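Dear colleague,

Please find the structure below, handed over for your records.

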Amino acid sequence: MTHLPAMHRLYVTSTAPNPRRVLAFLAEKGVEVELVELDMGRREHYDPEYVARAGAPVIPALELENGEFLTESVAICRYVEALHPEPNLMGRDGLEAARIEMWQRRVEFGLLLPVGFVFRHSHPSMAGFENQVPEWAEANRPRVLAGLEMLDRRLSSAPFVAGERFTIADITAWLAIDFMRVTRIAPPEELEALRRWHARLADRPGFQRPARPARKQTAG
Ligand SMILES: N[C@@H](CCC(=O)N[C@@H](CS)C(=O)NCC(=O)O)C(=O)O
């Protein structure tokens, strides 16, 4: 069997939504990895050495013991699942994996991205990261609501986003909703199935907001 290199370090900003997805995935697996906290506000992810190693000024990034870096939250999660198959969060057979990926993508494109666009194109703290287009922020507000309605319809007929059990699609959806607080959009009260599902999952360890950033570690 091919030897899979172990995880070495995970680079995060532990309050940002994409790193939180990976941190929640690890928490569900009960797996710990050394964390390197990068301060996005201070543009630490633009450090030339980091960009050269990670391949892009982006977080999260997973450094493997062989020096290779993986970025893209779902790619990182797929690798974590390969190393730590249980509890399974990405599908046990081809059909289930496809169904989970379908929901995962629907939630990413239908909710997480629109929430991100509203935030990045309207919030003063993002002015240094985006050529802000306020109209684009406004155009995405109704798309956030449409994403929430899609989820509410789904959760009216299934206990979890991808079906009968908790998966990565729930992680993306739950954290996208948590991230909405920065846009001051609240899920409408009448989306009851969504509200019940959100409350039911609120105690999961991976969904607790970090009290303070993980301890700073020196890379290298
Ligand atoms: N598609 C990537 C998106 C990663 C991403 O956008 N991360 C944000 C933080 S949540 C980031 O690195 N932002 C840096 C910047 O905007 O300069 C993933 O799924 O990991």
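The lining of the second largest pocket comprises 10 nonpolar, 4 polar and 2 charged residues (Ala, Val, Leu, Ile, Met, Phe, Trp, Tyr, Cys and Pro count as nonpolar, Asp, Glu, Lys and Arg as charged, and the others, Gly among them, as polar). This is a predicted model, in which local features need pLDDT of at least 70 and side-chain atom pairs count only at pLDDT 80 or more, while totals for chains, interfaces and linings use all residues. Residues are numbered from 1 along each chain as its sequence is written, and side-chain values use heavy atoms, with hydrogens and water left out.

A pocket is an open set of points on a 1 Å grid over the protein atoms alone, where a 1.4 Å probe fits, with protein on both sides within 12 Å along at least five of seven lines; lining residues have an atom within 4 Å of a point.

The second largest pocket has 16 lining residues, with Leu23, Ala24, Ala27, Leu35 and Gly206 nearest its centre. Helix 1 contributes the most to this lining, with 5 residues (helices are DSSP runs of H or I, at least four residues, numbered from the N terminus).

The largest pocket holds about 1,200 Å³ of space (a volume is the space filled by probe spheres set on the points, which are joined across faces, edges and corners). Its lining has 44 residues, and Pro17, Asn18, Val58, Ile59 and Arg120 lie nearest the centre. Helix 4 gives the most to that lining, with 13 residues. Because domain 1 (7-89) and domain 2 (94-204) both give residues to the lining, the largest pocket lies between them (domain bounds come from an automatic or database domain assignment).

Yours sincerely

How values were computed
Helices (H or I, at least four residues) and strands (E, at least two) are DSSP runs, numbered from the N terminus.
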